[in-house]
Amino acid sequence: MIPRSVSSFASFASCYKGPFRFHQKLTFSSSRTRSENAFHKFLANNKQWHQKTSSDKPDLFPSCAKGQAPPVLWLGCSDSRVPETTLCNAQPGDIFVHRNIANIISPHDMSSQSVIFYAVNALKVKQIVVCGHTSCGGVAAALGQGKIGGTLDGWLMPIRELRSSLAAKGAFEGKDDKEQALTLVAANVQRGVDVVRKNPEVVKAQEERGLTVHGCIYDVGSGQLTELDTGEGHEDLKQRMEHFKVG
């Protein structure tokens, strides 16, 4: 248990008597240079970031320590090139996040559904964003015929099913590989938005307090985020409220 008198993790680590060990310094010694060791480089970067942020925004970290009230839930891809806080120029505490391979949102995935439940019911987020991106490895794999292995073949099945459905409708005709990938990325985002909108907790929050759901695509080649038109007509909205509202 952390003593009440301890005001920071650094001071906590110095007086902690439990079974785990903490290094006394935030920068660790290593035989490799920082450029050769990403982990140690990040530790050094964190120290610099902490010092600058504490100076520029002295209230930020004390505010974060008191709790969180993010207005946005971000459902995105695990890809290292799509860091939501960075690309949105946001701050710690601004965005509640769930990311997975190829930003697949399934009503049967307990991880993403738990995040949605907590974000909607406990944090009372005002917007939910489903974000896909260009050059997505998961989408490229779904467009290909090769076996990936492990759990990924099963995980990517929803995107493969989308690919099959789009192909049957002629959505890929006359398009090159890049255009086909972007078409599938957009369809995957739309599908994610549809799944989120049918979540009973989301339906309830939309009706009671105006929660909104959005779809976006991030271009890793330009750094630009573009909102997709994922709107639904009046009749579609009415049917969704009737069919997926529970309780």
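**Close-up views of a predicted model**

Phe96 counts as buried, with 17% relative accessibility; here buried means under 20% relative accessible area, exposed means over 50% and partly exposed is anything in between, using a 1.4 Å probe and protein chains only. Before the views, some housekeeping: this is a predicted model, so to speak of a local feature takes pLDDT of at least 70, and side-chain atom pairs count only at pLDDT 80 or more, while totals for chains, interfaces and linings use all residues. Numbering starts from 1 along each chain as its sequence is written, and side-chain values use heavy atoms, with hydrogens and water left out.

**View 1. Two aromatic pairs turn up when the whole structure is searched.** A pair of aromatic rings is described by the distance of the centres and the angle of the planes. Rings of Phe, Tyr and Trp (its six-membered ring) pair if their centres lie within 6.5 Å; planes under 30 degrees apart are called stacked, over 60 edge-to-face, and the rest tilted. Trp49 and Phe61 make an edge-to-face pair, 5.4 Å centre to centre with 70° between the planes. Trp49 sits in helix 2 (residues 38–56) and Phe61 in helix 3 (residues 60–66), so this pair ties together parts 12 residues apart in sequence. Helices (H or I, at least four residues) and strands (E, at least two) are DSSP runs, numbered from the N terminus. Trp49 is partly exposed at 41% relative accessibility, and Phe61 is partly exposed at 26%. In the other pair, the ring centres of Phe96 and Tyr118 are 5.7 Å apart and the planes are at 40°, so the pair is tilted. Phe96 belongs to strand 2 and Tyr118 to helix 5, so parts 22 residues apart in sequence are tied together. Tyr118 is partly exposed, with a relative accessible area of 40%.

**View 2. Helix 2 packs its buried residues against helix 3.** Those buried residues are His40, Leu43, Ala44 and Thr53. Helix 2 has 19 residues and spans 26 Å from its first C-alpha to its last, close to the 27 Å expected at 1.5 Å a residue; the expected span is 1.5 Å times one less than the number of residues. At the start of helix 2, a side-chain oxygen of Asn37 comes to within 3.2 Å of the backbone nitrogen of Phe39.

**View 3. Five strands form an open sheet in the order 2-1-3-4-5, with mixed pairing.** Strand 2 (95–100) and strand 5 (224–227) are the edge strands, each pairing on one side only. The twist averages 25° from one strand to the next. Strand 4 (residues 212–219) and strand 5 run antiparallel and are joined by four bridges; two strands pair if DSSP finds at least two bridges between them. Asp219 has Gln224, in strand 5, as its bridge partner.

**View 4. Two helices lie across the sheet strands.** Helix 9 (residues 177–197) lies across strand 1, strand 3 and strand 4, at about 160° to strand 4. Axes are lines fitted to C-alpha atoms, for helices over the stretch in contact, and angles run from 0 to 180 degrees between N-to-C directions; contact means heavy atoms within 4.5 Å.

**View 5. Asp79 sits in the loop between strand 1 and helix 4 (84–87).** Asp79 counts as buried at 15% relative accessibility. Leaving out residues up to four places away in sequence, Asp79 touches Arg99, His133 and Ser135. The side chain of Asp79 also makes a polar contact with the side chain of Arg81 (2.7 Å). A polar contact is a pair of N or O atoms within 3.5 Å; within protein, one must be able to donate a hydrogen and the other to accept it, and residues adjacent in sequence count only if both atoms are side-chain atoms.
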